[in-house]
Amino acid sequence: MYCIPFLRCPIVAFPSSMWLPATFLILIVAYATSTLDSSNTRCHVGNDFCQDDVTSLLQVAPREQIPANMHVGPCIARVEDLPSSWKLSVGEQALAAMEARINRSDNAQQSFAGTAAARTAFAEVLDIALSPGMIREHGEEALDAVMSCASTWTDAPDQQERALGRARDVLVELGLQFSQLQKHGATCEELKHGGVPTLIRHGNYLRTRLPYNATLDGTLHLLVDFANEAVVDCEDLATLLGFEPSRRLAMFPKTAPAVAEDAGGSLYGALIAAGDIAGMLSDENIKLPAGALQFLGDFWNYLSKYPFPNATELVDQPSSLISIGHFVADAASYASGSGRYTLEMKYAPWMYRFVRENFYAILQTGQVDFIGKLLRTLQDYKCNSANDVQVHDGLNFLLKRFDVANHSWVKQADSTDASVDRQSGVENYKAFRQMHQAWAVCGAFGQREFEEPETYGSVVRQAMAFADFESQA
């Protein structure tokens, strides 16, 4: 799945006005009584990390993280103000030549070419994602793509409204499939892998953005009932997640290749689980197993200690850079609600540092999907082509690719990118990959008006605040 894109989790019953403060207090108390020492934790059945032959993940001391106050602000307008480790290296001659040709007074997002690029990306996403074949074979991910693009299309409210309306229709269609499954009894496996949390998260957001729709409301009730029945089948949090949290979050890879393997496998799965948990937690009618809220805070705190490699460690490891970079971008999408809410450096210094240090190396891969996701991440910090030199260079690079492909994003001649390659063997693979390319660019060129975090965003912000509190304790 592309990213991440969101969460779903357990619920504690409090009056609505007291819910967030109360859950935050519970989270702190619960954490104080827990431990990340995996030596006393029993392995849950089916937990990959319980195998004796797992050698790539070892318990090692966490590395010191870069301080959050490294700059006055997250955006850097002048190339001379970039730290030396963030600038073009001497060996990147092709990019250096590109830099020399670019007029830094350009504002790609506001230009005619940038507007055309954004509109084309939006149109191509809708064309592919809303096709019957894509909805049938990759429904939840197609819905993710439409919702994500619509969130960045705030400068065209009429088109945004139409896209959200179409997304509602797709959600209702997909929800009917689960209502049929529920007749035979909802299972834990169907909840973990069937996409129900994604539908619930998007459905609750659409309910706040569109006029009341009885069909959507009824579909959400069915999905919530399905989730609650499936949670009972899960019995505990470890079964719902697919791993024992305290054991998993006490393990760290030792090398860059091991980090890359983890980022494209088990760690990515944990990120998806966190998105599912937060999305369900934001619905007060879903009752998840004990410890689900604590898991979100623990997971973000774990990422703050995770040994993401420095840029110098990845210079000769392009495959590791790609795998880790996709994870970091999808973690940013999780934290920003796919770009609906702003990010701050203090939320995840490790994330900001990784994107900045590796930006030009990622640009050199030429992968449209990968570059688009990193640009969207920088724009979550309110950095754009007018106030940030890296965003400026990245968008101009994409515009050149757009021209070469005859003003299309789905006709890009990329090598297969890592985030979609994991899905190889799926039906309609070519269209699936094209949708990912246009989807990423849609977020990169979109001109957003950020929203205040609604229920889902508040849950994620709460978890990040808890992690920041623990890191300073």
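A salt bridge here is a side-chain nitrogen of Lys or Arg within 4 Å of a carboxyl oxygen of Asp or Glu. By this rule the count comes to 13 salt bridges. The structure is a predicted model, in which local features need pLDDT of at least 70 and side-chain atom pairs count only at pLDDT 80 or more, while totals for chains, interfaces and linings use all residues. Residues are numbered from 1 along each chain as its sequence is written, and side-chain values use heavy atoms, with hydrogens and water left out.

**Overall make-up**

- The protein chain has 20 helices and 2 strands; helices (H or I, at least four residues) and strands (E, at least two) are DSSP runs, numbered from the N terminus.
- The protein chain has 473 residues, and 57% of them count as buried; buried means under 20% relative accessible area, exposed means over 50%, and partly exposed lies in between (1.4 Å probe, protein chains only).
- Of the contacts in the protein chain between residues at least 6 apart in sequence, 82% join residues at least 24 apart, where contact means heavy atoms within 4.5 Å.

**Packing of helix 4 and helix 19**

- Two packed helices are described by the angle between their axes and the distance between the axes.
- Helix 4 (residues 132-152) packs with helix 19 (residues 429-445) at an angle of about 10°, and their axes are 9 Å apart.
- The axes are lines fitted to C-alpha atoms, for helices over the stretch in contact, and angles run from 0 to 180 degrees between N-to-C directions.
- Helix 4 and helix 19 are therefore roughly parallel to each other; angles under 35 degrees count as roughly parallel, over 145 as roughly antiparallel, 65 to 115 as roughly perpendicular and the rest as oblique.
- Helix 4 contributes Met134, His138, Glu141, Ala142, Asp144, Ala145, Ser148, Cys149 and Thr152 to the contact, and helix 19 contributes Ala431, Phe432, Met435, His436, Trp439, Cys442 and Gly443.
- The residues of this contact divide into 9 nonpolar, 5 polar and 2 charged; Ala, Val, Leu, Ile, Met, Phe, Trp, Tyr, Cys and Pro count as nonpolar, Asp, Glu, Lys and Arg as charged, and the others, Gly among them, as polar.

**Salt bridges**

- Side chains of opposite charge can pair when their charged atoms come close.
- Asp217 and Arg207 meet through their side chains in a salt bridge (2.5 Å, N to O).
- Asp217 is in helix 8 (residues 214-234) and Arg207 in helix 7 (residues 196-209), so the pair ties together parts that are 10 residues apart in sequence.
- Asp217 counts as buried at 16% relative accessibility, whereas Arg207 is partly exposed, with a relative accessible area of 36%.
- Glu451 forms a salt bridge with Arg209, and the closest N and O atoms are 3.5 Å apart.
- This pair links distant parts of the chain, 242 residues apart: Glu451 is in the loop between helix 19 and helix 20 (455-472), and Arg209 is in helix 7.
- Glu451 counts as partly exposed at 22% relative accessibility, and Arg209 counts as partly exposed at 25%.
- Glu344 and Lys346 form a salt bridge through their side chains (3.7 Å, N to O).
- Glu344 counts as partly exposed at 35% relative accessibility, and Lys346 counts as partly exposed at 46%.

**Positive phi values**

- Most residues other than glycine have a negative phi, and most peptide bonds are trans.
- Glu235 is a residue other than glycine with a positive phi, near 75°.
- Glu235 is placed in the loop between helix 8 and helix 9 (237-241) and counts as exposed at 71% relative accessibility.
- Ser338, also not a glycine, has a positive phi of about 60°.
- Ser338 lies in the loop between helix 14 and helix 15 (349-365) and counts as buried at 7% relative accessibility.

**Two buried helix residues**

- Tyr334 lies in helix 14 (residues 318-336) and is buried, with a relative accessible area of 1%.
- From C-alpha to C-alpha, Tyr334 and Gly457 are 9.2 Å apart in space, and they are 123 residues apart in sequence.
- Arg248 lies in helix 10 (residues 245-248) and is buried, with a relative accessible area of 1%.
- Arg248 and Leu267 are 19 residues apart along the chain, and their C-alpha atoms are separated by 9.0 Å.
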